[in-house]
Amino acid sequence: MINDELNIKQLSEDFAQNKSVQIFNFLKEDNANELYNWFNFDIPEDWWFTSIHNPLAKDYEGALNIQRKPESLNLIDKKISEANEAFLNGNFSYVFDRSLPHAATCTCFECQFLKFLESEFMLFFVNSITGMRLDRTNEVFASRFTSNQFLSPHHDENKGKIGFVYSLSKNWRPEWGGNLHFMKEDYRTITKTVVPVFNRLTLFDIPSKNGIPHYVSHVLPTITSKRISITGWFDSNTAEKC
């Protein structure tokens with residue numbers, strides 16, 4: 001599944017220097033296109049859940065995951081407005097579509113890919129680049145950002161040692177929003193911006209359990225394209241250097 005033309009030595013050097021690396025053309029073309037078609041055209045709409053932060057909850061707790069059924073769309077629109085109002089008032093907030101775990105017997109393209117991410121081969125690949133001894137994934141899911149959706153600055157405390165984002169958006173333009181921004185601990189200074197690029201895997205080091213401040217900028221109103229990615233964390237008990 002992984003593109004066998006990748007230069008592991010160069011990727012490892014890039015990660016060692018920058019504590020992050022962007023792996024372009026990560027999957028073989030056919031596999032990447034299968035995933036793209038699944039998430040953009042084939043997945044049933046009610047397999048998505050609109051995830052919205054409860055403004056009455058503390059910190060990052062209290063997510064509302066509303067299944068995207070026709071009878072739920074009015075409620076979702078109301079909650080999207082509430083999330084944006086909370087954002088404008090300076091409160092932590094978010095709204096985006098995400099996947100939740102499927103049945104254990106599911107063999108859809110997403111479930112196949114999530115199993116691959118957990119495989120010994122994938123862990124060996126990531127360890128070869130990061131120099132760590134990672135042995136599992138944490139909370140891997142697909143996300144979809146569309147018009148007026150966003151994710152406020154946060155730090156992903158205690159999520160894992162290496163974060164990753166695999167992008168499945170074609171021809172995304174940075175001026176549309178939906179960009180991943182990393183920040184310093186002041187939550188004001190942007191240190192890196194990751195624009196969605198099709199079939200690119202981004203790995204980034206999480207140096208402490210407190211995480212790294214980051215956010216996903218608002219997707220502009222009336223944008224019809226979808227900012228789709230699979231995101232999660234690699235972890236281990238120690239993640240000692242090899």
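**Exercise 1. Packing of helix 2**

Task: State which elements the buried residues of helix 2 pack against, and which residues these are.

Solution. 
Step 1. The buried residues of helix 2 pack against helix 4 (109-117), strand 5 (136-145), strand 7 and strand 12 (227-235). Helices (H or I, at least four residues) and strands (E, at least two) are DSSP runs, numbered from the N terminus. Contact here means heavy atoms within 4.5 Å.
Step 2. This is a predicted model, in which local features need pLDDT of at least 70, side-chain atom pairs count only at pLDDT 80 or more, and totals for chains, interfaces and linings use all residues. Residues are numbered from 1 along each chain as its sequence is written, and side-chain values use heavy atoms, with hydrogens and water left out.
Step 3. The buried residues of helix 2 are A32, L35, Y36, W38, F39 and N40. Buried means under 20% relative accessible area, exposed over 50%, and partly exposed in between (1.4 Å probe, protein chains only).
Step 4. An α-helix has 3.6 residues a turn, so residues three or four places apart point the same way.
Step 5. Helix 2 has 14 residues, and its first and last C-alpha are 18 Å apart, close to the 20 Å expected at 1.5 Å a residue. The expected span is 1.5 Å times one less than the number of residues.
Step 6. From the side of helix 4, where F109 is placed, F109 is in contact with E34, L35 and W38, leaving aside neighbours within four places in sequence. F109 is partly exposed, at a relative accessible area of 31%.

**Exercise 2. Nonpolar cores**

Task: Give the number of residues in the largest nonpolar core and trace the contacts of I23.

Solution. 
Step 1. A nonpolar core is a set of buried Ala, Val, Leu, Ile, Met, Phe, Trp, Tyr and Cys residues joined through side-chain atoms within 4.5 Å.
Step 2. The largest one has 39 residues, and I23, F26, F39, M122, L203 and I230 have the most contacts inside it.
Step 3. Beyond its neighbours within four places in sequence, I23 is in contact with L6, L11, F125, I129, N199, R200, L201 and L203.

**Exercise 3. S169**

Task: Is S169 buried or exposed, and which backbone nitrogen lies 2.9 Å from a polar atom of its side chain?

Solution. 
Step 1. S169 is placed in the loop between strand 7 (162-167) and strand 8 (180-183).
Step 2. S169 counts as buried because its relative accessibility is 2%.
Step 3. The nitrogen is that of I228, 2.9 Å from the side-chain atom. A polar contact is a pair of N or O atoms within 3.5 Å; within protein, one must be able to donate a hydrogen and the other to accept it, and residues adjacent in sequence count only if both atoms are side-chain atoms.
Step 4. Other contacts of S169 include P196, V197 and F198.

**Exercise 4. Positive phi**

Task: Where do K19 and N25 lie, and what is the phi of each?

Solution. 
Step 1. Most residues other than glycine have a negative phi.
Step 2. K19 lies in the loop between helix 1 (8-18) and strand 1 (20-23), with phi near 60 degrees.
Step 3. N25 lies in the loop between strand 1 and helix 2 (29-42), with phi near 50 degrees.
Step 4. K19 is partly exposed at 42%, and N25 is partly exposed at 48%.
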